[in-house]
Amino acid sequence: MAKAIGEILINIERCKGCELCILACPESTLALSKTINHKGYQYVVKVNDNCTGCGNCAIICPDAVITVYRKILKVPKPEMSNS
Ligand code: SF4
Ligand code: SF4
C-alpha cells in the first residue's frame, strides 16, 4: 500500500486572494490570511497538515502562486503469522 503526502510552497506576494485554490482543495488545507501582502490582498495560507499533493490548487491558480511537491510513502505489508 502507498500513502501520498504533499507539501506546498506559496508565493504570497503574487497571490491576489481570489480563493479559487481554497475551493478546489478537497482536504480544506487552505484559507485566506488575516493580513495582506504588499499589493494589498489577503493571501492564501496553509491551515492544515493534511495536504495529499493532489495538485488541484496549483492547476487552478491563474497566477502560478503555488508549487506542489508530492511524496509517495510505501506502507509495509503486515507480516503473515505462521500460527
Ligand atoms: S495539493 Fe491538493 S490537497 Fe494539497 S493544498 Fe493543494 S489542493 Fe489541497
Ligand atoms: S488561486 Fe492563486 S491567486 Fe487565487 S487565492 Fe489561490 S494562490 Fe492566490
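Biologist: What order do the elements of the protein follow from the N terminus on?

Modeller: The order is β-α-β-β-α-β. That makes 2 helices and 4 strands. Keep in mind that this is a predicted model.

Biologist: How do you know that β2 and β3 pair, and in which sense?

Modeller: Pairing takes at least two bridges between the strands. Strand β2 (residues 30-36) and strand β3 (residues 42-46) share 4 bridges. They therefore count as paired, and the sense is antiparallel.

Biologist: Which residues of β3 stand opposite Leu32 and Ile36?

Modeller: Leu32 faces Val44. Ile36 faces Gln42.

Biologist: What lies between β2 and β3 in the hairpin?

Modeller: There are 5 residues between the two strands. Gly40 sits in the turn, with a positive phi of about 95 degrees.

Biologist: Which residues have a positive phi without being a glycine?

Modeller: Ser28 is one of them, at about 55 degrees. Ala64 is another, at about 50 degrees.

Biologist: What puts Ala64 in its exposure class?

Modeller: The limit of 12 applies again. Ala64 has 9 C-beta neighbours inside 10 Å, so it counts as exposed. Ala64 lies in the loop between α2 and β4 (66-74).

Biologist: Why is Leu20 called partly exposed?

Modeller: That class falls between 12 and 20 neighbours. Leu20 has 17 C-beta neighbours inside 10 Å, so Leu20 is partly exposed. Leu20 belongs to helix α1 (residues 20-24).

Biologist: What does Leu20 touch, beyond residues up to four places away in sequence?

Modeller: Leu20 touches Ile60 and Cys61. Leu20 and Ile60 are 40 residues apart along the chain. Their C-alpha atoms are separated by 6.7 Å.

Biologist: And which contacts does Cys61 have, leaving aside neighbours within four places in sequence?

Modeller: Leu20, Cys21 and Ile66.

Biologist: Is Ile8 buried or exposed, and how do you know?

Modeller: A buried residue has 20 or more other C-beta atoms within 10 Å. Ile8 has 21, so Ile8 is buried. Ile8 is in strand β1.

Biologist: Which residues is Ile8 in contact with, its neighbours within four places in sequence aside?

Modeller: Lys46, Cys51, Cys57, Ile66, Thr67 and Val68. Asp49 is 41 residues from Ile8 in sequence. The C-alpha atoms of Ile8 and Asp49 are 10 Å apart in space.

Biologist: What makes a set of residues the largest nonpolar core here?

Modeller: The members must be buried and joined through C-beta atoms within 7 Å. The largest such set has 11 residues. Among them are Ile8, Leu30, Val44, Val65 and Ile66. Cysteines also belong, including Cys15, Cys21, Cys25, Cys51, Cys57 and Cys61. In soluble globular proteins, nonpolar side chains tend to be buried together.

Biologist: What share of the protein counts as buried?

Modeller: 14% of the 83 residues.

Biologist: How does the radius of gyration of the protein stand against that of a compact globule?

Modeller: A compact globule of 83 residues would come near 12 Å. The protein has 17 Å. The C-alpha trace spans about 65 × 20 × 20 Å along its principal axes.

Biologist: What part of the contacts with a separation of 6 or more joins residues 24 or more positions apart?

Modeller: 63%.

Biologist: What surrounds ligand 1?

Modeller: A shell of 15 residues. The closest are Cys25, Cys51, Cys54, Asn56 and Cys57. β1 (2-10) and α2 (56-60) each supply at least two residues of that shell. By class, the shell has 8 nonpolar, 6 polar and 1 charged residues.

Biologist: Which residues come nearest to ligand 2?

Modeller: Cys15, Cys18, Cys21, Cys61 and Val65, out of 13 around ligand 2. This shell divides into 9 nonpolar, 1 polar and 3 charged.

Technical notes
Residues numbered from 1 in each chain as written. Chains lettered and ligands numbered in written order. Predicted model: local features only at pLDDT ≥ 70, side-chain atom pairs only at ≥ 80, totals over all residues. Near = placed C-beta within 6 Å. Nonpolar A, V, L, I, M, F, W, Y, C, P; charged D, E, K, R; others polar. Contact = placed C-beta atoms within 7 Å. Rg over C-alpha atoms; globule rule 2.2 N^0.38 Å.
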